[in-house]
Amino acid sequence: HESSNYLQELFYGGWVAPNIYYLGAAGVLNLCKRTSSGSTISTLRIAGISGIYNSRHYSLGRFEMPPYDRGELRSVYHTRQVDVKR
């Protein structure tokens with residue numbers, strides 16, 4: 001598994017290693033290919049949501065804080081409705 005406490009620090013995304021960008025709990029990245037004059041040729045939009053769906057935790061907010069107890073250690077990986085809506 002990935003390090004949940006480290007990824008929680010990158011909630012809105014960021015670089016986790018050379019050439020590896022984490023989109024955050026939920027994120028969108030727009031990539032544009034441009035000509036040398038600066039005009040856009042094409043655009044690619046990549047979107048993602050991180051986590052595992054669990055109906056019991058989906059409508060809850062993000063309440064987990066390190067150090068995690070046994071329940072939080074599992075629920076920190078679950079997707080949340082608040083992440084999907086933003």
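**A histidine and its surroundings**

Mentor: In this predicted model, histidine 57 is found in helix H2, which covers residues 55-58. Its relative accessibility is 16%, and because the cut-off for buried is under 20%, histidine 57 counts as buried. Leaving aside residues up to four places away in sequence, histidine 57 touches Ser75, His78, Thr79 and Arg80.

Among the strands, S3 (residues 26-34) and S4 (residues 40-49) pair in the antiparallel sense over nine bridges, and leucine 31 stands opposite leucine 44 in S4. Five residues lie between S3 and S4 in this hairpin, and glycine 38 in the turn has a positive phi of about 100°.

As for the chain as a whole, the radius of gyration is 16 Å, whereas a compact globule of 86 residues would have a value near 12 Å; the C-alpha trace spans about 55 × 25 × 15 Å along its principal axes. Histidine 57 is buried in a chain where 26% of the 86 residues count as buried. Of the contacts with a separation of 6 or more, 34% are between residues 24 or more positions apart. The accessible surface comes to about 6500 Å², and 55% of that surface belongs to carbon and sulfur atoms.

Methods: Residues are numbered from 1 along each chain as its sequence is written. This is a predicted model: local features need pLDDT of at least 70, side-chain atom pairs count only at pLDDT 80 or more; totals for chains, interfaces and linings use all residues. Side-chain values use heavy atoms; hydrogens and water are left out. Helices (H or I, at least four residues) and strands (E, at least two) are DSSP runs, numbered from the N terminus. Buried means under 20% relative accessible area, exposed over 50%, partly exposed in between (1.4 Å probe, protein chains only). Contact means heavy atoms within 4.5 Å. Two strands pair if DSSP finds at least two bridges between them. The radius of gyration is taken over C-alpha atoms; the globule rule is 2.2 Å times the number of residues to the power 0.38. Accessible areas come from the Shrake-Rupley method with a 1.4 Å probe; for residues, only the protein chains shown count as cover.
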